[in-house]
Amino acid sequence: MSWKDYPALGERCYLETLPNGLRLRVVPKPGFAGKFAFLGVNFGSCDTKLPLSGGWQTVPDGTAHFLEHRMFCLPDCDPEAAFSRLGAEANAFTDYAMTGYYFTCTDRFDDCLRLLLRMVSTPCFPPEVMVDERAVIADEIALYDDSPEDCVQERLCRALYRRHPIRIPIAGSRRSIRAVTPELLRRCFDAFYVPSNMAFTVMGDVDAQAVSRLAREVLPPDFSPPPARPCGEAEPARAFRHRTRRTLPVSQPVFAIGFKTAPSADPLRQELTGQLAAELLLGESAALYEDLYTRGLIDADFSSGFTRVPGAAFLQAGGAGCDPEAVLEAILQAPKTSFSPERFARLKKSVRGRLLRELDGFESTCYRICEAIFAGGDCFCEFDLLDSITLSDTEALLTQTVTPERAALSVVAPEEA
């Protein structure tokens with residue numbers, strides 16, 4: 001166990017790896033009334049292979065998300081109701097690479113913490129609730145299917161990738177979730193919900209060593225190594241499909257443009273470089289953004305960014321507009337080098353400022369710490385990584401990535417009258 005100070009950020013962090021392998025980080029916030037705890041499991045929708053002795057079992061699409069829903073169950077209580085009685089707000093999510101469980105409270109922090117740790121370490125999958133749970137998740141899937149933004153993003157991933165499981169919707173499909181059973185959930189729990197495959201972050205006016213003692217008391221004491229996580233077969237550099245289109249009742253086309261790039265051995269640095277590259281080429285201060293906006297091809301909701309999960313990465317942009325093909329063509333034709341060093345320096349300062357502001361947001365900070373741990377980094381490592389990225393690095397990513405063969409365009413178009 002140790003404390004690490006970050007004088008430039010005005011932060012310090014308690015770091016400890018417990019004997020059972022749990023990575024624990026506590027960021028004290030003296031004087032803050034709110035307390036926040038976040039437990040991340042290194043298991044997401046892209047984990048479609050369950051390790052078995054001598055091989056692998058393919059699990060139904062949406063299994064990680066289904067398991068997240070069913071973890072809100074204890075033999076002696078309903079955790080959601082119990083959190084509510086303690087005056088806490090609790091929730092969870094599943095994304096491509098992680099499942100996260102968290103709560104925020106002002107009082108009775110130790111009781112809430114004990115409840116969270118019991119919940120994520122206690123397998124309880126009554127067969128009689130599976131039908132109702134499938135109905136709840138099916139309704140959630142229907143909401144995603146009717147959302148133009150969710151639809152256009154899911155179809156973009158399916159266009160960019162032929163085999164990588166990022167192309168699978170996080171919640172799965174109505175058909176796939178019918179194949180999820182209590183026995184399968186238990187096998188996934190046993191494989192992935194081990195302390196060594198978790199990261200636990202707490203922020204607030206709390207006693208770090210008391211948090212450590214409670215985690216040791218509640219979580220299993222035995223060390224089981226984290227499971228292997230295959231990222232699928234290697235993908236070619238080019239996009240699997242260059243165009244995908246669907247109609248929905250929208251007033252104008254909603255679109256997402258993606259440019260596939262090779263995953264990096266230094267994923268956190270690649271992600272920051274990709275974010276800078278997206279901002280340099282397509283951010284509000286970019287000449288290309290001004291041109292597209294002036295021509296009426298994009299509106300103020302247009303955005304860009306970089307997505308990275310184990311085994312996959314892509315730069316993307318999107319929004320709503322009358323001519324998505326023209327937007328894609330303009331991006332492909334725009335210069336990818338010879339950007340102003342002064343503007344790049346300003347962008348780095350802007351990104352640094354955003355990261356600093358986010359330190360006041362407990363949820364986003366705890367998520368980023370867990371995400372960094374799973375990617376081989378640690379607390380606040382993005383600040384040092386950001387300082388190391390050069391304009392040449394960013395232009396090289398743009399030059400390599402923003403090409404016709406790597407591009408895919410996903411459009412949700414208005415239904416014909």
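How many cavities of 30 Å³ or more does the count come to? In this predicted model, the count comes to one cavity of 30 Å³ or more, and the volume of the largest cavity is about 40 Å³. The lining of the largest cavity includes Gly-44, Ser-45, Asp-47 and Thr-48, together with Val-59, Pro-60, Asp-61, Gly-62, Thr-63 and Ala-64, and it also takes in Ile-168. Sorted by class, the lining residues of the largest cavity are four nonpolar, five polar and two charged.

Thr-63, one of the residues that line the largest cavity, also belongs to helix α1, where Thr-63, Phe-66, Leu-67 and Arg-70 meet Leu-184, Leu-185, Cys-188 and Phe-189 of helix α7. By class, this contact of α1 with α7 has six nonpolar residues, one polar residue and one charged residue. The axes of the two helices come within 10 Å and cross at roughly 95°, and α1 and α7 are therefore roughly perpendicular to each other.

Strand β1 and strand β2 run antiparallel and are joined by five bridges, and one of the residues of β1, Trp-3, has Tyr-14 in β2 as its bridge partner. The hairpin of β1 and β2 has four residues between the strands, and in this hairpin Gly-10 takes a positive phi near 70°.

| Element | Range |
|---|---|
| Helix α1 | residues 63-70 |
| Helix α7 | residues 182-192 |
| Strand β1 | residues 2-6 |
| Strand β2 | residues 11-17 |

Key
Residues numbered from 1 in each chain as written. Predicted model: local features only at pLDDT ≥ 70, side-chain atom pairs only at ≥ 80, totals over all residues. Heavy atoms only, no water. 1 Å grid on protein atoms, 1.4 Å probe; cavity = no way out; pocket = protein on both sides within 12 Å on 5 of 7 lines; lining within 4 Å. Points joined across faces, edges and corners; volume = space filled by probe spheres on them. Nonpolar A, V, L, I, M, F, W, Y, C, P; charged D, E, K, R; others polar. Axes fitted to C-alpha atoms, helices over the stretch in contact; angles between N-to-C directions. Parallel < 35°, antiparallel > 145°, perpendicular 65-115°, else oblique. Contact = heavy atoms within 4.5 Å. Pairing = 2+ DSSP bridges.
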